[in-house]
Amino acid sequence: MIQVLIVEDDVRNAEIHRRFVGKVDGFEAAGVATDGRQALELLDILQPDLVLLDLFLPHVDGLELLRRIRAGHPRTGVIMVTAAKELHRVREAIEGGVFDYLLKPVIFDRLQETLLGFRSYRERMAELEAAGALGQSEIDTLLRLREPVVERGRPTGYPKGIDQLTLDKVSGLLGEEEGPLTAPLLSARLGISRSTARRYLEYLVSAGRLQADLAYGSVGRPERVYRRKP
C-alpha cells in the first residue's frame, strides 16, 4: 500500500481528500495534518510515500513544506492540491519537484489518474534500481511517467504522445491476446516502434487497465511484461 499524508487546513476538504484516496486501489490515507507544524511532525513519524499538500497553511506554508520534504524526505512524492492559480506559485511548485499540481475543488477522476501515474512511476523506478545501469529508453520511460498525467487543454484528455487511433489498435490487440504482452511483441504486431509500444503499454498501466511485471530469462536482464488486470 502507498501511504499518503494529507496536509489540508480545511477539515471538510481534508475529509474529501481522505475518502478519495481510500477509493483508489493500492493507496491508503495514513494521516491528516491541518497545519504546517503538524505536517512536519507526521512526516517524521509516518514516513509517508506521498503527500497531498495544500499551499496555504498556518505556521508553515506549502512551498516551505515542499522544500523541507525535498531536503529531509527525498523519496516522498508530493502532489500539490490548492486553489492557488498564480503563475509564480505554480512555477515554484513545479521547479520544487511536485509530481502534479491539482486545483481545488478536486475531481476524483483527475486525482485517481495522477495517483495511478505516481504508482507506475514508483514501480518502474524500483524495477530499474534493482536492474542497475540505465539505458536511454529506460530514462525516457521514467521521464514520460514523471510528466503530469493530463496535458491541460488537450481535447482528448490523453497525455502527450498518446493518440486515440493508436490507443484503439493497442486496446483491440489486448482483447485478442490470451497471454502477456511485451513492447517488442506489440511493436511487431502493430508495426510501430518499440519505444512507441512501450509508451502505450505504460500509459495503460497508469490508467489501471494493465499490470506490469518482470520476467526473468536464463540470459540477460529481466524483461517487462504486461497483463490485463483481472
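Visitor: Where is the place of Pro-105?

Guide: Pro-105 sits in the loop between strand S5 (100-103) and H5. Bear in mind that this is a predicted model.

Visitor: What is the peptide bond from Lys-104 to Pro-105, cis or trans?

Guide: Cis, with omega near -5°.

Visitor: On to another loop. What can you say about the phi of Gln-47?

Guide: Gln-47 isn't a glycine, yet its phi is positive, about 50°. You'll find Gln-47 in the loop between helix H2 (36-46) and S3.

Visitor: How do you know whether Gln-47 is buried, exposed or partly exposed?

Guide: Check its relative accessible area, which is 47%. Buried would need under 20% and exposed over 50%, so Gln-47 counts as partly exposed.

Visitor: And what makes His-59 count as exposed?

Guide: Its relative accessibility is 53%. The cut-off for exposed is over 50%, so His-59 passes. His-59 is in the loop between S3 and helix H3 (62-72), and it also has a positive phi, near 75°, without being a glycine.

Visitor: Which residues have the most contacts inside the largest nonpolar core?

Guide: Leu-52 is one of them, and the others are Val-4, Phe-27, Leu-50, Ile-79, Leu-111 and Leu-115, in a core of 23 residues. Strand S1 (2-7), helix H1 (11-22), strand S3 (50-53), strand S4 (77-82), helix H5 (108-131) and helix H6 (136-146) each put in at least two residues. H5 gives the most, seven residues.

Visitor: What does Ile-79 touch, not counting residues up to four places away in sequence?

Guide: Quite a list: Leu-50, Val-51, Leu-52, Leu-53, Phe-99, Asp-100, Leu-102, Thr-114 and Leu-115. Apart from this core there is another, of 21 residues, with Leu-5, Val-60, Leu-63 and Met-80 among them.

Visitor: Now the helix pair. At what angle do the axes of helix H7 (residues 164-176) and helix H8 (residues 183-190) cross?

Guide: At roughly 110°, and the axes come within 11 Å. Angles from 65 to 115 degrees count as roughly perpendicular, so that is what H7 is to H8.

Visitor: Which residues make the contact of H7 and H8?

Guide: From H7 they are Lys-169, Val-170 and Leu-173, and from H8 they are Leu-186, Arg-189 and Leu-190. By class, that gives four nonpolar, two charged and no polar residues.

Visitor: How do you know that the span of helix H9 (residues 194-206) agrees with what it should be?

Guide: Take 1.5 Å times one less than its number of residues. With 13 residues, H9 should span 18 Å, and its end C-alpha atoms are 18 Å apart, so the two agree.

Visitor: What makes you call H9 mostly covered?

Guide: Of its 13 residues, 10 are buried, each with under 20% relative accessible area. They include Thr-196, Ala-197, Arg-198, Tyr-200 and Leu-201. After H9 comes Gly-208, with a positive phi near 85°.

How values were computed. Residues are numbered from 1 along each chain as its sequence is written. This is a predicted model: local features need pLDDT of at least 70, side-chain atom pairs count only at pLDDT 80 or more; totals for chains, interfaces and linings use all residues. Side-chain values use heavy atoms; hydrogens and water are left out. A nonpolar core is a set of buried Ala, Val, Leu, Ile, Met, Phe, Trp, Tyr and Cys residues joined through side-chain atoms within 4.5 Å. Buried means under 20% relative accessible area, exposed over 50%, partly exposed in between (1.4 Å probe, protein chains only). Helices (H or I, at least four residues) and strands (E, at least two) are DSSP runs, numbered from the N terminus. Contact means heavy atoms within 4.5 Å. Axes are lines fitted to C-alpha atoms, for helices over the stretch in contact, and angles run from 0 to 180 degrees between N-to-C directions. Angles under 35 degrees count as roughly parallel, over 145 as roughly antiparallel, 65 to 115 as roughly perpendicular and the rest as oblique. Ala, Val, Leu, Ile, Met, Phe, Trp, Tyr, Cys and Pro count as nonpolar, Asp, Glu, Lys and Arg as charged, and the others, Gly among them, as polar.
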